Amino acid sequence: MSAALDDLRERAEAAPAEASLSRREALERDFRRDQLARQRRARRRQLLLGAAGIAAFLLAWEIAPRVVPGINTKMFPPPSQVAGVLLDMAWRKGDIWPHVGASLLRALWGFLLGASLGVVAGVLTGRSTTLRQFTDPVLHGLRAIPAIAIVPLAIVWFGLGDLSKVMLIAWGAFFPVWVNTFIGVRDIPVVYLRSAAALGASPFAAMTQVALPAALPFVFAGLRQATAVSFVVLVAAELVGAEQGLGYLISFAHLVFRVDIMFVGLLFLGAIGFLADQLFAWLLHRLFPWYGADGRR
């Protein structure tokens with residue numbers, strides 16, 4: 001009898017706790033459901049507004065050459081005409097893809113080289129005050145030189161082949177990545193590094209396992225900026241001494257007065273740059289979901 005009473009007492013005491021736990025789980029479940037619903041609504045709204053903006057831009061572009069006096073549709077073709085040329089070059093003939101492949105390959109190798117050197121230089125200068133003071137005048141002086149200004153020098157040094165284009169893109173990509181990585185490493189809370197040292201981490205381990213991971217959001221911001229710079233430098237490099245590439249295609253179309261082909265090259269450049277930027281934004285959001293506005297873009 002006593003055992004039965006004890007069992008009933010334990011059940012009575014456990015019931016409120018189980019009910020409280022059940023209510024908490026229900027609240028958490030409802031909160032997650034509401035949060036996911038808000039995120040889906042925000043994504044749908046963003047997609048709808050983006051599609052509406054594109055449609056409004058294309059509509060204005062289609063109407064303007066036809067109604068504004070003095071505009072020659074050969075010099076400023078509407079999107080319907082550009083779409084026909086794009087379809088012909090991309091689907092029927094397929095002659096634009098070698099240019100796209102050549103540009104992407106140059107941009108990729110130049111970006112990887114410049115970004116890798118930028119990350120290394122940013123970590124080293126961010127961690128070492130002596131090295132930063134030693135290299136600051138040189139690096140900041142070189143950063144002030146536009147990459148486009150050294151196109152002739154790169155051709156003299158590296159020739160008319162792909163190497164000169166890759167080196168120019170690496171030059172343009174290096175500085176945004178270096179600056180952002182340097183800022184991220186420099187502004188790491190001191191407690192992180194002191195904790196690593198107290199746990200016996202070597203300077204190299206603190207640099208690679210503490211400083212660099214803590215600066216990754218800044219590194220990704222620099223990489224996003226470097227992608228845009230890379231495509232600017234790519235086009236400038238391909239305008240001179242190239243036989244393939246989107247920049248070469250635009251230059252060739254200019255020589256034969258084919259503005260519609262120029263627009264096709266520009267559209268491909270814009271689409272590739274936009275996709276690269278969105279890729280970095282997606283990676284930033286996946287790796288650092290708490291990181292400010294960039295993670296929500």
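Start by selecting helix H3 (97-127), helix H5 (151-158) and helix H6 (162-186): each supplies at least two residues to the lining of the second largest pocket. Keep in mind that this is a predicted model.

**Stop 1: the second largest pocket**

The space inside the second largest pocket comes to about 260 Å³. Now show side chains for Ile 150, Met 167, Leu 168, Ala 170 and Trp 171. Of the 13 residues that line the pocket, these five are the closest to its centre. The lining holds 13 nonpolar residues, no polar ones and no charged ones.

**Stop 2: the whole chain**

Zoom out and switch to a cartoon view. The protein chain has 11 helices and 0 strands. Trace the chain along the sequence and the pattern reads α-α-α-α-α-α-α-α-α-α-α. Then colour by accessibility. Of the 297 residues, 34% count as buried.

**Stop 3: a nonpolar patch on the surface**

Select Leu 59, Ile 63, Val 67, Val 68, Ile 71, Met 75, Phe 76 and Phe 257. Together they form a nonpolar patch with about 730 Å² of accessible area.

Pick out Val 68 from this patch. Look for Val 68 in the loop between helix H1 (2-67) and helix H2 (79-92). Is Val 68 buried, partly exposed or exposed? Its relative accessibility is 37%, so Val 68 counts as partly exposed, between the cut-offs of 20% and 50%.

**Stop 4: Phe 257**

Move along to Phe 257, another member of the patch. Phe 257 sits in the loop between helix H10 (246-255) and helix H11 (259-287). Its relative accessible area is 62%; that is over 50%, so Phe 257 is exposed. Check the backbone here too. Phi of Phe 257 is near 60°, a positive value in a residue other than glycine. Most residues other than glycine have a negative phi.

**Stop 5: Ala 228 and Ala 173**

Finish at helix H9 (residues 216-238) and select Ala 228, which lies in that helix. Ala 228 has a relative accessible area of 46%, so this residue is partly exposed. How many residues apart along the chain are Ala 228 and Ala 173? They are 55 residues apart, and 8.7 Å separates their C-alpha atoms. Draw a distance line between those two atoms to end the tour.

How values were computed. Residues are numbered from 1 along each chain as its sequence is written. This is a predicted model: local features need pLDDT of at least 70, side-chain atom pairs count only at pLDDT 80 or more; totals for chains, interfaces and linings use all residues. Side-chain values use heavy atoms; hydrogens and water are left out. On a 1 Å grid over the protein atoms alone, a cavity is a set of points where a 1.4 Å probe fits but cannot get out, and a pocket is an open set with protein on both sides within 12 Å along at least five of seven lines; lining residues have an atom within 4 Å of a point. Grid points are joined across faces, edges and corners, and a volume is the space filled by probe spheres set on the points. Helices (H or I, at least four residues) and strands (E, at least two) are DSSP runs, numbered from the N terminus. Ala, Val, Leu, Ile, Met, Phe, Trp, Tyr, Cys and Pro count as nonpolar, Asp, Glu, Lys and Arg as charged, and the others, Gly among them, as polar. Patches are made of residues with over 30% relative accessible area and no salt bridge: like charges are joined within 9 Å, nonpolar side chains (Val, Leu, Ile, Met, Phe, Trp, Tyr) within 5 Å. Accessible areas come from the Shrake-Rupley method with a 1.4 Å probe; for residues, only the protein chains shown count as cover. A salt bridge is a side-chain nitrogen of Lys or Arg within 4 Å of a carboxyl oxygen of Asp or Glu. Buried means under 20% relative accessible area, exposed over 50%, partly exposed in between (1.4 Å probe, protein chains only).
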